[in-house]
Amino acid sequence: MYVTDKILPELPAPSNSKGIVHWLKTNLFNGPINTIFTLLAAFVLYKVIPPAIEWAFIDAIWFADSSSECKLANGDRKDGACWAFITNRFDQIMYGFYPEAERWRPNLAGIMLVLLTIPLFFEKTPKKAWLGGFILVIFPFIAFVLIRGGYFGLEQVDTGKWGGLMLTLIISLVGILFALLFGTILALGRRSSMPIVKSLSVVFIEFWRGVPLITVLFMSSVMLPLFLPEGTTFDKLARAMIGIILFQSAYVAEVVRGGLQAIPKGQYEAAAAMGLSYWKSMFLIILPQAMKLVIPGLVNTFIALFKDTTLVLIIGLFDLLAIIENVLGADNAWLGFHTEGLVFAAFVFWMFCFSLSRYSMALERKLDTGHRN
Amino acid sequence: MRKSLLLGLATAAIFSTTAQAGTLEDVKKAGVLKCGVSTGLGGFSAADDKGNWKGLDVDVCRAVAAAVLGDATKVKYNPLTAKERFTALQSGEIDMLSRNTTWTLTRDGSLGLNFAGVNYYDGQGFMVTKALGVDSALKLDGAAVCIQAGTTTELNLADYFKANNMKYKAITFDTSDQTIKGFEAGRCDMLTSDQSQLYSLRIKLAKPDTAIVLPEVISKEPLGPVVRQGDDQWFNIVRWSLNAMINAEEMGLTSANIKSMKDSKDPGIQRMLGGQGEKLGLDDNWSANIIEQVGNYGESFERNVGTGSPLKIGRGLNALWSKGGIMYAPPIR
């Protein structure tokens, strides 16, 4: 019999239950089916990743003055990616046809937006509400005047010249801002007890949710001009933006309504018992809670909106994708570098959408008050 | 049903807005010509790295601006997709359309538009891989064909193969870029599209040398500038701006020699370069401005789609009538 009066030291775990081998065994090779899938996946990765890296980085040509440097003497393509296609025309991809000398204006607007937004991320910033209000209400006008010009001696740059990533961001930001505003109003309207307000909201939401965005854009660019009196032309970008805003506010409205319905009735009653008016109870009690609940849904809608902006390509507006597809893709000097362009566009879109979704996750954590169960 | 309703509305709207005169005055007042072009078609209308529009179709816009405003750069280009182009013209968003648009009876007769001429005679052709060892489309019985879905090329192809008692297997794609990728991946023996497109698609191949364009042309696709119906003066200006370019090539007038040719004793050249403007409502320098700033048709062709460009399209049908083609302009006198 073995008796000990002191605690034995812990023995190391058996070698087959720790370390990389154990991890591989439990996660990748636990059973014949998983082993087969693991081997298959490894084979596919082996076939795909090294050539992709070779194409995108090792053999790639990053800078060149003309497309001939990406080609062999007889006109064949060289093996690597020709990123020179992107670097050479980078300005156009960013700004479209916006005149070179005036590009400081959109830059300034962008920098202003970033500088104004940064303080909002810090807890201690005083008067956050005022700053937020300034960004939402005043800043759009400043940005519009800066980018379009025509006032204060700034040369006017027609919206037809706007393009590239700049246009994509403008359409998405304006779309998100107004869709959130109108969507919230519509959601409140749909939950309202006033029959006219309620039915108007329902009709609006169901109509705009029922048509595809592509139809809305076609209507705005192909049909609408025919109904306007002769000679009146209505800016094409404005038409497209109004279409996008109407369309997206219907979606936002339904997301926000989901949040409103998730708030327990007691909250409405408590607000009423406090003697708060309808608007006060909405803005002080209900909406702050509802909005927090629907962050994932809202961000989902905004990401979708951001990606949907590429549809303006079909009505002849040159957003990021359209610049790459139509303008750069049609220029005789750089024919045949389609793949590089699409890979680049995909990368830019992924970057924006991914940061948006990470931000929303951080926001959820920050606002989490532990009421979930 | 929905489609026909929309079309009905569209036509009703078109008819209510047709007669509109005074485009010339509008353009002069605005000081700029609003010209509808393609959003991007290599050699016909494409923007370069500085955002300047260039191409065979763009040159027609520039020629009209040179004739009317005396300055070929005073054009506001309005890039349009195929679906928007006629509406944009009808609604007055643009003054003229120069966007590789095929002249057909239906369009000319029912859309409230007028075609002002032809600046490129296109037609459907075939591209095959060299490895196939074929030199004529008639040897393509049983071939797999890469084709863009929903285009008239699909119908033309069916007609052509049926007429020649041959079979084919169509492999359809949604865009021309997908079509060329399919061809490159070896999914088909040949690719069919308008000839002007075949050349630019060929450059998009990783190995352009492995493909050839066959000589057969199986359809007629005359492309030209379009104006609104109901403004005959403007129609004449666009038509004769194009004619002036073609006539200039025939007379040997180029952007390089136009200055010295102004004193030429040749009666034809004298008529061309002076005294005819008022009949169109323009000043007498209209044709000289076109030739000086844009060049003659041949110069424009070579610069944009011919030997001076990567496309290297031969003149073919687009050669002057006196040189084996069918490019023919009525005389200026």
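Predicted model: local features only at pLDDT ≥ 70, side-chain atom pairs only at ≥ 80, totals over all residues.
## Overall form of chain B

Chain B contains 14 helices and 14 strands. Its radius of gyration is 21 Å, close to the 20 Å that the globule rule gives for 333 residues, so chain B is as compact as a globular protein of that length. Along the principal axes, the C-alpha atoms of chain B fill a box of roughly 60 × 50 × 40 Å.

Of the 333 residues in chain B, 49% count as buried. Among the contacts in chain B with a separation of 6 or more, 74% come from residues 24 or more positions apart.

## Division into domains

Chain B is divided into domain 1, made up of residues 2-121 + 222-323, and domain 2, which covers residues 125-219. The C-alpha centres of domain 1 and domain 2 of chain B lie 30 Å apart. Eight residues from domain 1 of chain B and four residues from domain 2 of chain B take part in the contact. On the side of domain 1 of chain B that touches domain 2 of chain B, five residues are nonpolar, two are polar and one is charged.

## The five-stranded sheet

Five strands of chain B form an open sheet in the order β10-β9-β11-β8-β12, with mixed pairing. The edge strands are β10 (168-173) and β12 (211-213) of chain B, each of which pairs on one side only. On average, neighbouring strands of this sheet are turned by 30 degrees against each other, direction ignored.

Strand β11 of chain B, residues 190-194, is mostly covered, with five of its five residues buried. Strand β8 (residues 124-129) of chain B runs antiparallel to β11(B) and is joined to it by five bridges. Within β11(B), B:Asp194 stands opposite B:Gln124. Strand β9 (residues 143-148) of chain B pairs with β11(B) in the parallel sense over two bridges, and B:Leu191 in β11(B) is the bridge partner of B:Cys146. Six bridges join β9(B) to β10(B), and these strands run parallel. B:Ile147 stands opposite B:Thr172 in β10(B).

## Helices on the sheet

Helix α7 (residues 176-184) of chain B lies across β9, β10 and β11 of chain B and runs at about 160 degrees to β9(B). Helix α8 (residues 195-204) of chain B also packs on the sheet, where it touches β8, β11 and β12 of chain B. The direction of α8 of chain B makes about 130 degrees with that of β11(B).

## Strand β4 and its partner

Why is strand β4 (residues 75-80) of chain B described as largely enclosed? Five of the six residues of β4 of chain B are buried, so the strand is largely enclosed by the rest of the structure. Strand β1 (residues 33-38) of chain B pairs with β4(B) in the parallel sense over six bridges. In β4(B), B:Tyr77 stands opposite B:Cys35.

## A covered helix in chain A

Helix α14 (residues 320-330) of chain A is mostly covered, and 11 of its 11 residues are buried. The buried residues of α14(A) include A:Leu320, A:Ile323, A:Glu325, A:Asn326 and A:Gly329.

The cover over the buried residues of α14(A) includes α3 (84-88), α4 (90-95), α7 (164-190) and α15 (338-367) of chain A. Strand β2 (46-47) of chain B is also included in this cover.

Notes:
Residues numbered from 1 in each chain as written. Chains lettered and ligands numbered in written order. Buried ≥ 20, exposed ≤ 12 C-beta atoms within 10 Å, placed from the backbone. Helix = DSSP H or I, 4+ residues; strand = E, 2+ residues; numbered from the N terminus. Pairing = 2+ DSSP bridges. Contact = placed C-beta atoms within 7 Å. Axes fitted to C-alpha atoms, helices over the stretch in contact; angles between N-to-C directions. Domains from an automatic or database assignment. Nonpolar A, V, L, I, M, F, W, Y, C, P; charged D, E, K, R; others polar. Rg over C-alpha atoms; globule rule 2.2 N^0.38 Å.
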